[in-house]
Amino acid sequence: MRTVEKSSSDDAPTRSRVAQSILEHGPSTAVALAERLSLTPAAVRRHLDQLVAEGHVAASEQRLNAPRGRGRPAKVFALTDAGRDQFEHAYDDLAAEALRFLRRTGGDAAVGAFARHRLAEIEDELRAAVEAAKPDERARVLAEALTGDGFAASVISTDRGEQMCQHHCPVAHVAGEFPELCEAEAEMFSRVLGTHVQRLATIAHGDGVCTTFLPRTTVQAERRHA
């Protein structure tokens with residue numbers, strides 16, 4: 001009796017879930033993915049092997065601050081540019097062509113003005129959500145609101161403030177050519193939070209995630225140490 005092997009197309013939905021989880025949570029180990037997706041590590045590794053073979057995911061050695069124990073170091077898997085291309089990138093070709101025309105006819109200032117204009121509506125929505133939250137919860141609320149708009153954002157707390165990571169950018173390809181889009185977004189975060197922010201990394205410039213440092217305000221610091 002001949003054994004019928006399961007085709008790779010049958011695994012596509014689960015493989016997409018693996019890629020989506022990396023997109024939303026950032027570079028991940030097979031064990032972490034297995035826990036999030038309720039799969040066995042062996043099953044996850046099989047899907048990761050396929051994603052790596054397709055060029056959609058790349059593996060690297062996990063960086064550890066503590067001394068490494070015995071055994072092989074865990075691998076961390078991150079999406080490649082090709083992997084990100086599998087997810088929707090809003091506008092891309094049409095937007096890039098329009099912005100090139102705008103730059104030729106109106107210069108860099110016109111591109112910057114457009115970048116700020118396109119964020120005006122989302123800024124009003126974000127401000128309403130953030131201002132309704134307690135000061136020490138505003139970074140988390142901002143990240144949740146951005147996630148709802150397709151940016152897959154999360155927040156990591158530090159002693160000095162929060163780092164907000166956006167694991168997906170719907171306009172990453174366009175922003176790579178027009179950094180004014182990233183600059184306008186950072187300016188918007190500053191206005192919404194009522195404090196200065198610092199952009200540490202962007203997907204558009206080849207980083208794995210867009211990372212923004214959100215310093216803790218005086219009120220937040222007082223509450224944290226109360």
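1. I begin with helix H7 (138-148), whose buried residues are Ala139, Val141, Leu142, Ala143 and Leu146. Buried here means under 20% relative accessible area, exposed over 50%, and partly exposed in between, with a 1.4 Å probe and protein chains only. Helices (H or I, at least four residues) and strands (E, at least two) are DSSP runs, numbered from the N terminus.

2. On provenance, this is a predicted model, in which local features need pLDDT of at least 70 and side-chain atom pairs count only at pLDDT 80 or more, while totals for chains, interfaces and linings use all residues. Residues are numbered from 1 along each chain as its sequence is written, and side-chain values use heavy atoms, with hydrogens and water left out.

3. The cover over the buried residues of H7 includes helix H6 (120-131), strand E4 (161-166), helix H9 (180-193) and strand E6 (210-215), together with E3; contact means heavy atoms within 4.5 Å.

4. From H6, Leu126, Ala129, Val130 and Glu131 meet Arg138, Val141, Leu142, Ala145 and Leu146 of H7. The residues of this contact divide into seven nonpolar, no polar and two charged, counting Ala, Val, Leu, Ile, Met, Phe, Trp, Tyr, Cys and Pro as nonpolar, Asp, Glu, Lys and Arg as charged, and the others, Gly among them, as polar.

5. After H7 comes Gly150, with a positive phi near 95°. Ala152 counts as buried because its relative accessibility is 10%.

6. A positive phi, near 55°, is found again in Ser38, a residue other than glycine, in the loop between helix H2 (30-37) and helix H3 (41-53). Ser38 counts as exposed because its relative accessibility is 69%.

7. Finally, Gln20 belongs to helix H1 (residues 12-25) and is partly exposed, because its relative accessible area is 29%. The C-alpha atoms of Gln20 and Gln86 are separated by 9.9 Å, although the two residues are 66 residues apart along the chain.
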